[in-house]
Amino acid sequence: MKAAGALVTTLISAALLLTACSEPAADDGGGDGGPAGDQEAGTASGGGEAGGGSITVYTSEPQEKIDEVVAAFNEGNPDVEVQVFRAGTGDLKARIAAELETGEVGADILLAADAPTFEAYKAEDLLLEYTPADADALLESVVDPEGYYVGTRVIPTVIAYNTGAVDTPPTSWAELTDPAYAGQLVMPNPDVSGAAAFNAAVWLLTDGLGEDWIRALGENDVLVAESNGPTSQAIADGSRPVGVVVDYLVRDLAAQGSPVAVSYPSEGVPYIAQPAAVFASSANPAGAQAFVDFLVSTEGQTLAVEQNYLPVRADVGTPEGAPSMDELHLLEVPLEEVSAEQGRAVDLFKEAVLP
């Protein structure tokens, strides 16, 4: 476990360095109040003109993927300057909390992992109410019925394994507690990753798993990486040949030639929808709404599929090698229960699994 702790420290340092490199310039104060910046924040409907000006996006998206999204958005909205601050959801929440202590949130848009975070911000009146363009074309489950946020991708968490090191992969979450996997497992830190925090709550609330399963997992010398990215890399390089990770990263690595594959657990898979929302304090709500509208548009969702994500609308297909949605067994737990238990689940995971 000491070796695992040292690796975690290294990974944390690397992640902080990457975060620092991706931090925008000092003028990341939520837009420059350009032509659309004088519009009053309030209830709105999607599909309007972006206008122009600047917007800032706080996101947990991988840097390469968010760069592609911004480039595609700017093809149709060349007058909107988009600045990006990229970090794990936990770091984004800490940044937002610090900004609220001294003033307003420095972002116009949050595009991150988990719906409970958005529910909390909605309850604090931090989000702008609006209806995204094409909302009727989206999966009903990803659209906030009160109209404050919308899911942009369906991202299941699965068991992944190194095909060069594992002949017979585990086929269930329960199997990961078998002593045969001691020292072989890696998974992201729910204290940093929003998706991992959401998953911890779903596992805690799923019959047959729950607290006993989380504590048994902790007995198997699990390496806890900073986020899903380092988790997938540890599986691919074989240092930890079996792991728990979001599915699109496995498809990304397999397409690049890495010896990785997915096993879909028999109990079902937790999933998040990476919501997007506009902050009520946005100085450029028109530009921010146009960006979110693009994310869920046919064009934006086609790009999502090209980036190996499962989409939130049915008219753009699915990535090559991915199962169709009706083939997936999704673990469906009411959002209000996940929100209520997520804090306890993360604390339990830290107590039972972290070194």
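Reply: What follows is a run through the labels, each set against its cut-off. This is a predicted model, where local features need pLDDT of at least 70, side-chain atom pairs count only at pLDDT 80 or more, and totals for chains, interfaces and linings use all residues. Residues are numbered from 1 along each chain as its sequence is written, and side-chain values use heavy atoms, with hydrogens and water left out.

Me: Fine. Why is F73 called buried?

Reply: Buried means under 20% relative accessible area, exposed over 50%, and partly exposed in between, with a 1.4 Å probe and protein chains only. F73 has a relative accessible area of 1%, so it is buried. F294 counts as buried too, at 9%. Over the chain, 56% of the 355 residues are buried.

Me: What makes F73 and F294 an edge-to-face pair?

Reply: Rings of Phe, Tyr and Trp (its six-membered ring) pair if their centres lie within 6.5 Å; planes under 30 degrees apart are stacked, over 60 edge-to-face, and the rest tilted. Here the centres are 6.1 Å apart and the planes stand at 65 degrees, so the pair is edge-to-face. The structure holds 9 aromatic pairs, and ring pairs link F73, F291 and F294 into a cluster.

Me: Why do you say that the F73 and F294 pair ties together parts apart in sequence?

Reply: Because F73 lies in helix α2 (residues 63-76) and F294 in helix α9 (residues 285-296), parts that are 221 residues apart in sequence. Helices (H or I, at least four residues) and strands (E, at least two) are DSSP runs, numbered from the N terminus. The chain has 11 helices and 13 strands.

Me: How do you know that the charged end of R95 sits over the ring of F85?

Reply: The rule wants NZ of Lys or CZ of Arg within 6 Å of the ring centre and within 35 degrees of the ring normal. The charged end of R95 is 3.9 Å from the centre of the F85 ring, and K65 lies over the face of Y309 at 5.3 Å.
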